[in-house]
Amino acid sequence: MGHVPILDRLRDGLTRTKRRLVDRFDEIVRRADGQTSGGDAIDVDTVEALEELLLSADVGVAATGRIVSAVAGRARHGESLRDLVKGEILEIFGAVAPVAPGVGGREGEDPRQSNGPPSRVVLVVGVNGTGKTTTVGKLANLLKASGKRPLVCAADTFRAAAVEQLAIWAERADVEIIRSGDGADPAAVVFDAIQAGQARGCDPILIDTAGRLHTRANLMSELDKIRRVAWRASEGAPHEVLLVLDATVGQNGLTQAREFTSAAGVTGVVLTKLDGTAKGGVAVAIAHDLKLPIRYVGIGEGMEDLIPFSPQEYVDALFQQQW
Amino acid sequence: MFESLSTRIQGAFKTLRGEVRLTPDHVEAALREIRLALLEADVNFKVVKAFIDRVRDRAMDQAVLRSLTPGQQVIKLVRDELLALFGDTEGGLTKDAPTPRVVLLLGLQGAGKTTTSGKLAKWLVRQGRHPLMVSTDVRRPAAVEQLSVLGRKADIRVHAPETMDPVARASGALAEAKAMGFDTVIVDTAGRLHIDDDLMGELQAISDAVHPSDLLYVADAMTGQDAIKSAGEFHRRVGVTGVVLTKLDGDARGGAALSVVSVVGVPIAFVGSGEQLEDLELFHPDRIVSRMLGMGDMLSLIEKAEQAIDKDEAAQLEEKLRKNEFTLDDFRSQLKALKRMGPLESVLGMIPGLGDLKQAAEHKPDEKQLGRVEAILSSMTADERRDHSVMNGSRRKRIAAGSGTSVEDVNRLLKQFTEMRRMLQTMGRGGMPGAGAGMKLPKMAHGLRPGSAPRGAGSGKKRKKGGPWGLMRTR
């Protein structure tokens, strides 16, 4: 992380449209910082403007309330409003559960050491149309580039042509794929993939699942079945469950995160489509309400357009005056 | 999970029970709740602001303040204003269009355009039309293939030329429709960001080539505040004629997509409410408003029931009810019809008063229970199902063994059945079921959880209660 090209891409993805938000924020800051000379609380108009700004970024009522009241309640001594708000959001991100080792295992850890620990199994879940298949493709590419040997598993046997879509991604990223026909039992494909992956020495094993609305209990229990079968194929699997959320999602994103966590044990979130005008503020809401870490962000349609999430960069991108 | 809007409003007024007079302060308290609820439903914050101001003006009216049921009055007010917000639209396609009519589906990635294409084609067939579909999405891997698969499933012709030029594909489809006599062309487009200038230009080129009479912006019910911006931009570039609201079968209230109606000024044409190709309906503002208020959606429920239940079968059943001949056999076929209506949870959600999921959670239908009920019924002989009075101890024991349940389970089912029969009898005679009978509906439903086919059917069969990942929601 921290390579300049990555920063450039995030910048590209975020700047073109964060403009308006930044402008408005600047206006609010100028007003707040201009009117007082330390010690005074922020006035009501500013508070309201800030509230609207956060709400319009889908940060949600609860997290917005926390940020605004923390900022408004504090008498300032020289700090700018910008720093206060950024600090508050960073604090929310900072309070999430400690991030588990990355998808590909800990940095520098040799996956084959000490009588070969089993391959890590990563389950990718989410509602329909958030970009699960694309994320699996990009993630495989990212891991491959970092020297791993990932294997992807096409367990979305429901949506028409989902398997073909992943196969194309696998070919592009030049990674192995385990697939089965449309309509096959997804859990069976997962079982095969884990066995094949371990036999071939692939690590990690990335599983693409069918999109499902969190309100469909029977489909949610299918995820439970996949988990049980994964465990049977390799004890401890899945080691990680990533929930893919669309950055344009509104407050329903919170409900999705909650439901998928209780049904499938989500361990982290991937925020996709952050290259539009949506700010993905629901990430703040999720960190605030559920303490789930955001792991990756998708910032374009290209294969390289998936990067690890950094709270600092995210907040900077949201509120920075100049890049 | 947010509480329903109507519950919140009621709650705001509940605190002042016993007070002699209602003051503007009380109304303000209720307005705060309404504001929060609307924001949580992703209604655009500017729309919320204007909306609250309008409701405040009307609610401060003396008639409302003096009313004995201010809560109800305010809910009615909110309902009226919401309806006004969404305008009166009957949904559907535009009225006048040349033949062949061209329908262009557009929107962001993952909104559900391709799936909607298939559903819309199927809907058109139900209207007696002859649609042809074409995919111009040459960017997303396998998108063209996805539409072809949908075409095969729905038995709809898909125009599939060699060319990978989106404009040529669309014009080719129009030419084929004219030559072969198809009366509607559905053009599926690639998902694109409204700020992607190149792709927006491509969309304009497609639109200029085929002159669509309907440009449907496909929006996800779960989308957030950004929806306004994106829909507005699509509208500015190509001129949107209607919105298709997808994934409404979840628990999202669709507030953002609905805000599009008032801000961008485009009506909602269709709503997608399920994963099957049949799950596309005309938009009815009153139903969506009821949903937002959490007041249930009886009309949709009735329509779903009509789709699932055979007419003759229903007439027969009515006859049986009247004669008090309702048997376990009928009960079994009712269960099957119920299954066809979709997940019981969503069916329950449409019943007024059960809209509040918090309350419904108590009656959370359990998949396992339904399986058991079915197993018990299947373990009975035909004679037993026709006339349950022959049931004795040894038959019960046999049924329990055959269905892998206990005699207590069999007894409970039989008891429920008798209760239900008594209740249905009252209804069958045309008498309104009393409060007691009304209460039994959810209770009866308890334990009936259809594992709606074909997705995920059979999964979670052997699940232990409270499995390692707390399968069912525990709230």
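Chain A has eleven helices and eight strands, where helices (H or I, at least four residues) and strands (E, at least two) are DSSP runs numbered from the N terminus. Keep in mind that this is a predicted model: local features need pLDDT of at least 70, side-chain atom pairs count only at pLDDT 80 or more, and totals for chains, interfaces and linings use all residues. Residues are numbered from 1 along each chain as its sequence is written, chains are lettered from A and ligands numbered from 1 in the order in which they are written, and side-chain values use heavy atoms, leaving out hydrogens and water.

Of the 323 residues in chain A, 61% are buried, meaning under 20% relative accessible area with a 1.4 Å probe and protein chains only (over 50% is exposed, in between is partly exposed). If you take the contacts in chain A with a separation of 6 or more, 77% are between residues 24 or more positions apart; contact here means heavy atoms within 4.5 Å. Chain B comes to 22 helices and eight strands, and 53% of its 475 residues are buried. For chain B, 76% of the contacts between residues at least 6 apart in sequence join residues at least 24 apart.

Now for a helix pair. Two packed helices are described by the angle between their axes and the distance between the axes. In chain A, α7 (residues 186–200) packs with α8 (residues 217–233) at about 25°, with the axes 9 Å apart. Those axes are lines fitted to C-alpha atoms over the stretch in contact, and the angles run from 0 to 180 degrees between N-to-C directions.

Which residues of α7(A) and α8(A) meet? From α7(A) come Pro186(A), Ala187(A), Val190(A), Phe191(A), Ile194(A) and Gln198(A), while α8(A) brings residues including Ile226(A), Val229(A) and Arg232(A). The residues of this contact split into nine nonpolar, one polar and three charged.

Ser310(A) sits between β8 (306–308) and α11 (311–319) of chain A and counts as buried at 16% relative accessibility. A polar atom of the Ser310(A) side chain lies 3.1 Å from the backbone nitrogen of Glu313(A). Over in chain B, Glu275(B) is in the loop between β7 (268–272) and β8 (280–282). Glu275(B) counts as buried because its relative accessibility is 18%. Where does the side chain of Glu275(B) make a polar contact of 3.3 Å? With the side chain of Asn128(A).

Note on methods
Ala, Val, Leu, Ile, Met, Phe, Trp, Tyr, Cys and Pro count as nonpolar, Asp, Glu, Lys and Arg as charged, and the others, Gly among them, as polar. A polar contact is a pair of N or O atoms within 3.5 Å; within protein, one must be able to donate a hydrogen and the other to accept it, and residues adjacent in sequence count only if both atoms are side-chain atoms.
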